[in-house]
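Subject: Structure handover and notes

Hello,

I am passing this structure on to you, together with some notes on what was found in it. Please open it alongside the sequence and read the notes with both in view.

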Amino acid sequence: MKNAKAILLVEDNPQDEMLIVRALRNINLANQLDVARDGQQALDYLFQEGEFAGRAGADLPAVVLLDINLPRVNGLEVLRQLRADPRTHLLPVAILTSSDEERDRLRSYENGANSFVRKPLEFAEFAETVARMGIYWLVVNKPPTE
Amino acid sequence: MNAPAAPIPPSPAAGRTWVVAFAVLTLLLLAAGWWYYRSEAKTIRAHRHEEIAAIGALKAGQIQHWRQERLNDATRMAGGPLVRKAVTEFLREPGGPLRADLLARLQIERTAGGYADALIFAPDGQLLLAAQAIPAPPDPATQRLIAAARASREAVLSDFFRLADGTIQIAAAAAVRDTAGQPLAVAVLSSDATAYLYPLIQSWPSPSRSGETFIVQREGESIIFLNEARHRAGTALVLRQPLTRTEIPAVQAVLGRQGIFEGVDYRGQAVLADLRPVVGSRWFMVAKVDQAEIFAEVRSRTSLIALVVGSLILLAAAVTAAIYRQENAAEVIRLNAYNRSLIEASPDPLVTISVEGKITDVNAATEQVTGRARGELIGTDFSNYFTAPEQARAGYRQVFSEGFVRDYPLAIRHRNGRVTEVLYNASVYKNEQGRVLGVFAAARDITQRKQAETERGQYFKLFTTSNDLMCIADPNGAFLKTNPACTRTLGYSEAELVSQPFVEFIHPEDKQPTLDEMARQQRVGYSLNFENRYRCKDGSYRWLSWRASFIREEGFTYATARDVTELKRAEAALRRAGAYNRSLIEASPDPLVTISSEGKITDVNAALVQATGASREQLVGTDFSDYFTEPDKARAGYRQVFSVGFVRDYPLALRHQDGHVTEVLYNASVYKDEQGQVLGVFAAARDVTARKQAEAAVQRSRDDLNRAQAVAHIGSWRLDVRRNELVWSDENYRIFGVPQGTPLTYEIFLGRVHPEDREYVDQQWKAALAGKPYDIKHRILVENGPVKWVRERAELEFDPTGALWGGIGTTQDITELHRAEEAIRQLNTGLEQRVRERTAELTAANQELESFSYAVSHDLRAPLRAMCGFSQALVEDFGATLQGEARVYLEQIIRASRHMSELVDGLLILSRCTRGELRRDPVDLSALCERIRGELSRAEPGRQVEWQIQPDLVARGDPRMIEVVMNNLLGNAWKYTARQAAPVIRVYAEPADGRPCFCVADNGAGFDMKHTEQLFKPFQRLHRQEEFPGTGIGLATVQRILHRHGGTIHATAAVGQGAIFKFSLPELDTLNPSSL
């Protein structure tokens, strides 16, 4: 968590989480991963509130991998709040979801998502997608400096 | 004396005509000679053109052929595996046994082809072998040739080149190549140009002093002659001409000109040349001949033509002169004979008298009038032959003294005593010295003229005094002469009558008959009592009755006419009166009859004929009473007339032959002659059948109206507002429940209106009387009955003066209708409520379905991903430790979860396609297909599929849905052609039933058409999973999308022969996307 180059995965499905962790582990990025299991937890983590109040002053992750269907606060609402807050309004957010509904995609981008990726069924493909996203956001992407 | 006019006798002027004719002929001959010379010169030139063109073509062909032979020889010598093998061997071992073989081969090529030498060079130009024992060292031209052959796959030909010994050569070369195509050696065949090619070029196949052929080629900015010229030695490869000298044919040839060219050759001679390229080379063929040679030929023809023309002119001059001379001699003789015959032919007695008064000559007319022969007359006294000899003598003396006499009256006595009165004209005639030789006297016989004058005077009197019209008409149909009776009768002057064709005076109706009569008259020669009308000057018409004779020889018509106008008028008046009476009788619609005192019919009119069906002939003479249903009553009737003098409205019934009966009323009276004697009865019947029928019809329609009103529950009424008199129909009484016949007023009606509506009805009626339309519904009270609803409508009525009379209207009982309307109104209110409820339900259901689909897409996929993912992770991480079957089972789990995932996706697409808004945008179908094609090809790069996508296809619809359609159709085509050796997928537009359709066709597995019905049902598949995997949802989705768009889809297929899916989208067209 001290590492500024961390990934925040917001995922309520433990099986998907396992698969994502496995994929990142295979490219040695697993130890830079934090997981929030619902929308509220993700917001608390990022705004350093509630159970994450202790994180005050910590750096933001390099990217948030955000599911849409989440308990408590859903992904689109999380995204909306992130964009509304000056601290996080430039934070890279990639939507990673099972949905391929047009309206989900549309609303994600309308709310300021940086990318929209559908979770593929194929394990190999899924692993590769996750790995590519990890590398892209952690290694390739140059975020704006504030 | 009136001499007959003589025709112009031939005169010396004719001589001039002959001179003119000669001059014209000479000019014609000269012109013909010139023209012939021109055409001959043209023919000769054309002939020479053809000749040199033929020679040029022949030579060019031969040279081309010769070149090809050289190239073929070189190709043959260098080509083929045996040569390659031999050269390879030789190169490996230059001193080996193959050296002798190759040398022998070169010798054969040299001698067989007539070559100067046959050689083999290394590719770098070093000489390896030569047929000639002492070959010349390779010169630069040969080196260039070897380099060209090395670079070319085909044999090449060198330019001409001059060897050190002065001979000119040309060589063909081809490379011997190893199997990889690298040159091993170059075979060269060199020819001595002077041996065969130069003679071939130079020889001229027809005898000509100057004819010459040579070849040239371009070198830089000049041309070079490649062979020896005929007219100058040492030109080969030496003579050059700059390209600027365009008058030289060879320069023109190199510059690309072909065909005939007239110019100046290298010697400065004017020449005619044929130019053409030698195909396959840089050479150009020039065949030429000196213009001087052609002109020599033309000149020899010219002198021949000049000779012929000159001879012909001389001949013409001789002939003209001869004819002219002969004509002049004949002329004198002819003139004498002509004068004499004129004298003899004269009908007037002519005579010449000597100074002594003796006759010296006479003509035939004199012989005739005197009855004496010419011999008797000549030498006798002229005066002897007249009744008054003294006067005759005085006459000719007067001639001698005065020189002439004019119209001197005498009377010649014939030998038989007949006297001919004549007038003499005479004059003296003299010899050349002016001495008087005698008198020439001509007499004119005036006997007949005198008699005719007398007769004419009598006829003229008859003509002018006649009361009948008399006239003469000329062949043109105009009056030539009319008599005073004509002008008297018609009122025109004679000048007016003769001024225009007489048909112009004739009544328009009589014009054609008159023309017909004239035609007949000209045929038969006369007309008798032909009548027509002439227009008089005052505009009235007169009837004329004509008698006329047509004199064919003159073409004149002589006619007399009598004015019969009054007669005609009287006749017409009589005829009109009779016809008028009769037509009155016949026109009467009432049967009229006259009956004799015996009761027999004496006359009938057409109406009676019609009423009885018997003809007039049948009726007349039969008993009157026979034609009635009651003969006795009929008899009683006419007897009553005889006794009383008349009957009035006596009813009887006439029986027609066909049985039908006409009821009539008879009115009859007796009629009498001038003496008061009763002749018979005149009876007129009036047919009253129609009246009786009309009465019955009125009664019937009244009944119908009453019945119709009862059925329709519509009563009618009339209100006379001035008298306040209300009249109701039977039905109106029934509706109001008022006893029939009750007297009514407006107030009584108002009293029956429901109290709540009374004021409203009264207002409306008053407004109606002021002109407002009256169409109202209100309630009425019925005694001992329920309240009724009625609809009242009315129109106002006015009397003939335009004053308001009242109104006529209807009352419709609408109680039932009103009740039904009430029920419907209540029903509608309920229905709207139910529709609102159902809409809300449907919206809820739709929303539910939508959230269900959404949940499916998320929640159903997640466990699948887990199943699939962990199975694969298992295989990946623990594959080594898995026993054989465990691995198979895991793969089955993976496969099943994949299939399920596809099913979930398919279902999602299907459900998505049935909801949501439907957009109508233009979709570039061709571009879409190209994109899908790319995706499919990338997914399976190993497959070779031929795609034929028609460009610029544009469909109109929801872009995402159309993408789903094309994804499915093209995906299917791709999938089902997987086992095809040469798969083809086509996308094109095609009209069907007049609407444009899109087609996706493949030549893949296809299907049996009897299963077509299952094709578009969800989860129905026509192939087993292991044959072609799939979900069975795709085509169901496609059909649903097209149906949502209002379109259709049909499939045609056959097992193993592919399938065609043809679909339509309404509003779709094939416009270019750019125009949308």
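Predicted model: local features only at pLDDT ≥ 70, side-chain atom pairs only at ≥ 80, totals over all residues.

Residues are numbered from 1 along each chain as its sequence is written, chains are lettered from A and ligands numbered from 1 in the order in which they are written, and side-chain values use heavy atoms, with hydrogens and water left out.

To begin with the interface, 23 residues of chain A are in contact with 25 residues of chain B, where contact means heavy atoms within 4.5 Å. The area buried between the two chains is about 2200 Å², and carbon and sulfur atoms give 46% of it; buried area is the accessible area (1.4 Å probe) that two parts lose on being put together, summed over both. In chain A, the residues that lose the most area to chain B are Glu101(A), Leu121(A) and Phe123(A), which together make up 28% of what that side buries.

Across this interface the rule finds four salt bridges, a salt bridge being a side-chain nitrogen of Lys or Arg within 4 Å of a carboxyl oxygen of Asp or Glu. One pairing between the chains joins Arg22(A) to Glu876(B), at 3.1 Å from N to O. On the side of chain A that touches chain B, α1 (14-26), α4 (102-110) and α5 (123-140) each supply at least two residues, and α1(A) gives the largest share, five residues. Helices (H or I, at least four residues) and strands (E, at least two) are DSSP runs, numbered from the N terminus.

Chain B itself has 28 helices and 39 strands. Of its 1076 residues, 39% are buried, where buried means under 20% relative accessible area, exposed over 50%, and partly exposed in between (1.4 Å probe, protein chains only).

Over all chains the structure holds 66 salt bridges. Side chains of opposite charge can pair when their charged atoms come close. In chain A, Arg37(A) and Glu17(A) meet in such a bridge at 2.7 Å, N to O, and this pair links distant parts of the chain, since Arg37(A) lies in the loop between β2 (33-36) and α2 (39-47) and Glu17(A) lies in helix α1, 20 residues apart. Arg37(A) counts as partly exposed because its relative accessibility is 43%, whereas Glu17(A) is buried, with a relative accessible area of 13%.

In chain B, the side chains of Glu816(B) and Arg819(B) form a salt bridge (3.0 Å, N to O). These two residues are three apart in helix α23 (residues 815-878), so they are separated by about one helical turn, and Glu816(B) counts as exposed at 57% relative accessibility. Salt bridges that share partners also join Glu11(A), Asp16(A), Asp67(A), Lys119(A) and Arg865(B) into one network.

Lastly, how many disulfides does the rule count over all chains? The count is zero, a disulfide being a pair of cysteine sulfur atoms within 2.5 Å. Cys999(B), for example, is in no disulfide, and the nearest cysteine sulfur, that of Cys997(B), is 6.6 Å away. Cys999(B) is buried, with a relative accessible area of 0%.

Best wishes
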